[in-house]
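I opened this entry to keep track of what I looked up, beginning with the ligands and ending with a pair of helices.

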Amino acid sequence: MRVMAQIAMVMNLDKCIGCHTCSVTCKQAWTNRGGVEYAWFNNVETRPGQGYPRRYEDQERWGGGWTLNRRGKLTLRAGGRWRKLSQIFSNPKLPGISDYYEPWTYDYRNLTDAPLGDDIPVARPRSLISGKPMEITWSANWDDNLGGMPQHGEEDPIAAKVRAQVADKVVYEFEQAFMFYLPRICEHCLNPACVASCPSGAMYKRAEDGIVLVDQDQCRGWRMCVTGCPYKKVYFNHKTGKAEKCTMCYPRLEVGLPTVCSETCVGRLRYLGVMLYDADKVTAAASVPDDRDLYAAQMGVFLDPHDPEVAAEAERSGIPFDWIEAAKKSPVYDLIAKYQVALPLHPEYRTMPMVWYIPPLSPVVDALADTGHDGEDADNLFGAIETLRIPVEYLAELFTAGDTVPVDSVLRRLAAMRSYMRRINLGEEKDESIARTVGLSGDQMEAMYRLLAIAKYQDRYVIPTAAVADAQRLEEAATAGCSVDFDEMPGGSGPFGETSGRSTPVAVENFHALRERGASDRPADTAGLRGRVNLLNWDGNGRPDGLFPAQAEDD
Amino acid sequence: MNSPTTRILLWGALPYAVLAALIIGTIWRYRYDKFGWTTRSSQLYESRLLRIASPLFHFGLLFVILGHIGGLLIPQSWTDAAGVSDHTYHLVALVSGTAAGVATLAGIALLIYRRRTTGPVFLATTRNDKLMYVFLGGAIGAGLTATLTNAATLDHNYRQTVSPWLRSLFYLHPDVDLMQKTPGVFQAHILIAFGLFALFPFSRLVHAFSAPAGYLFRPYIVYRSRDPKTLGARAPRRGWERVG
Ligand code: HEM
Ligand code: SF4
Ligand code: SF4
């Protein structure tokens, strides 16, 4: 047994209102820079829908994740080491910018500077890639709320799979459709295909907390990780020529703060906590022959922190005491292992993802309520879960490689909780039998309800700090491992173009930008920012150099 | 070009200056600019042309490099001793060299065409890139011309001139007179290549130095511990240092 600790996340999809706050705050924190305009470390997609980038789940096309070769051995789907190196000069499976979307800004200046005329001046969209005026035809959440579904619905790879199994089609007509939101970040997998695909070894999984990161000084721009990740959560910064990805906000986690997306989530649906697992079992678990056994296999990798033997072994493996304590209190562990209501996203990619989801019961409840039935009655709900095959099949394709049994069981637990708690709310007698039909006791049911419905900040986020005795120094690490008196002021560009020279931590760059903005009486300029415009710094005044890429003469 | 001083400068001193620039420049660049050390791939913008051009260019170039190593570093006496006749040698060298050279040239032509005509790729082209392309294209063009003109006349055996001269550089005893007998197009090829080598560490070409051969040998999943230094930028106060 080799015990390792992992910071994991669970999201309760029933509570997501699709407001995109998480995406926006994440963007402000991490990707408000040139080169990653198109990148959303956190994105929220409407399902059914194509997702972002478009049809990323179609692994026949994108070759992400792992698969078993003829001898049953785990191999990268896009090809092993030799194959990768032979394709390094041009990666045949790399999504192009149009598979994400072409980022744009608007010609705001025209609004104030246009000569007086009969027409009201407009701000035309302008591509941030080519600098030319453009038509906006797609974006990161173009099909939000099923928008354009009659046209695009058939392109959802999961809907296509469901169609192959259930005779009926997934319907996109407004009245009959089911719909939910799926917020996605990097899964910080136990068996990360992105790390395995990186030819230069610049990507790594942190031994202490399992966070998967890209070493910006070692990345050489071979762009194989983008292909490797089946969730398409590594992005290529086209300005710096380096890969970037969700960092799980490690500077925040290290000081015990939740990630920005969790902190700002309006639905308060995200949970963060420690999971202990047996690193020796990961490869075997990822190699089980049947895709549908992967969920169970991954459950088998997790260790019970309450087991004294595990705790002792964890200590021997060098896991700090407060981490083991945190693992015992982990809400994530409870949702995944104790109540078993959380499921992994696409276990069939065999990367052992560590951001899990509580599937939404709402499609079932809504359908039930639409038919005039009582949507909170346990028997009605159980019956509906039985008969409403399309939502259940669809969820199963997302979370259990198509096996409906675990999805059924989660939905039944959520349904039971609904009706069990309703009785309490209405002042009726508690009905233990409802809890027992789904294998829980009444007390467990209430504890689960508290965790899912009303848990406080400190119950949702149980995050041990990087080092207990170091709190004072850790405070500074929150600004990206670097104090604000970082010795190299962000300024000027190096001799090899805008990205050369030592990198300045983003936090420092933003700190200086904000200070300048607060202290100066002229339009914010970007002279100090290596020719890039930091939108945090830009106060809407003027059109600083670098806001748009240089224009071609003929434009 | 024939005064003894120019000869010594060009073929006796310049090579060492270029070598120094290459080595010192690479070390300096690596220490100063790890973040800028990348292919700066433009595939996100355009991949249809790149799919043909880049492999054509790179594979062609790898063969060209192999050919140079074979032709320049292995003395004629060795191949003679191995029983390879001069004629066979030149035939093989000519055919494979021309094939690789043409592929490389076609590749780079297509790359430059793509760079010029694809808007976003052109926007992402720096002055440094353009200068690099002049030298890279020039070196390949001159090299291919040298091979082909020489093949037509067959009056110059570079294995008697250029190769021994190059090897003499490694013995730190440059035999500059050998280069006098070399046709101008060979000389031009070599001088442009010197320019390219001097430019190498200061251009995007450094990506070639980090060719990821290590990928074949390392375990798939890489684990790293957090660097204890990054816990904070300031030195800890006395008495608060970390233990272990
Ligand atoms: C085996 C070592 C090498 C590897 C693995 C390699 C790999 C690459 C890769 C991945 C790109 C980016 C292509 C893209 O996506 O845009 C690239 C571009 C390039 N490489 Fe290499 N390369 C190697 C050696 C070389 C050498 C020796 C040279 C020239 C002396 C060279 C010249 C170039 C040039 C000029 C480009 C830019 C192409 C363009 O976009 O216009 N490479 N290389
Ligand atoms: S989800 Fe994250 S850790 Fe997993 S393969 Fe993708 S980028 Fe890597
Ligand atoms: S902030 Fe929360 S509720 Fe809003 S979209 Fe993100 S995950 Fe859903």
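**Ligand 1**

I began with B:S41, where an N or O atom of the side chain is 2.6 Å from an oxygen atom of ligand 1. I note here that the model is a predicted one. I then checked B:S42, where a backbone N or O atom lies 2.9 Å from an oxygen atom of ligand 1. On B:H207 I found an N or O atom of the side chain 2.8 Å from a nitrogen atom of ligand 1. I next asked which elements give two or more residues to the shell around ligand 1. They are α2 (48-73), α4 (86-117) and α6 (127-153), which belong to chain B. The most comes from α2(B), which gives four residues.

Where does ligand 1 lie? I find ligand 1 between chains A and B. I have 24 residues around ligand 1, and the nearest are A:R223, B:S41, B:H58, B:Y133 and B:H207. Sorted by class, the shell around ligand 1 has 14 nonpolar, six polar and four charged residues.

**Ligand 2**

I listed the surroundings of ligand 2 next. The residues include the cysteines A:C186, A:C189, A:C194 and A:C229. Also in the list are A:E187, A:H188, A:P192, A:A193, A:V212, A:Y231, A:V234 and A:K245. By class I get nine nonpolar, one polar and two charged residues in the shell around ligand 2.

**Ligand 3**

How many residues surround ligand 3? I count 14, and A:C16, A:C19, A:H20, A:C22 and A:C265 are the closest. The shell around ligand 3 divides into nine nonpolar residues, four polar ones and one charged one.

**Two helices of chain A**

I ended with helix α19 (residues 389-399) and helix α20 (residues 404-425), both of chain A. Their axes come within 9 Å and cross at roughly 115°. Because of that angle, α19(A) counts as roughly perpendicular to α20(A). The crossing of α19(A) past α20(A) is right-handed.

Which residues make the contact? On α19(A) I noted A:R389, A:V392, A:E393, A:L395 and A:A396. On α20(A) I noted A:T404, A:V407, A:D408 and A:L411. The contact of α19(A) with α20(A) has five nonpolar, one polar and three charged residues.

Note on methods:
Residues are numbered from 1 along each chain as its sequence is written. Chains are lettered from A and ligands numbered from 1 in the order in which they are written. This is a predicted model: local features need pLDDT of at least 70, side-chain atom pairs count only at pLDDT 80 or more; totals for chains, interfaces and linings use all residues. Side-chain values use heavy atoms; hydrogens and water are left out. A residue is near a molecule or strand if one of its heavy atoms lies within 4 Å of it. Ala, Val, Leu, Ile, Met, Phe, Trp, Tyr, Cys and Pro count as nonpolar, Asp, Glu, Lys and Arg as charged, and the others, Gly among them, as polar. A polar contact is a pair of N or O atoms within 3.5 Å; within protein, one must be able to donate a hydrogen and the other to accept it, and residues adjacent in sequence count only if both atoms are side-chain atoms. Axes are lines fitted to C-alpha atoms, for helices over the stretch in contact, and angles run from 0 to 180 degrees between N-to-C directions. Angles under 35 degrees count as roughly parallel, over 145 as roughly antiparallel, 65 to 115 as roughly perpendicular and the rest as oblique. A crossing is left-handed if the near helix is turned anticlockwise from the far one by less than a right angle, and right-handed if clockwise. Contact means heavy atoms within 4.5 Å.
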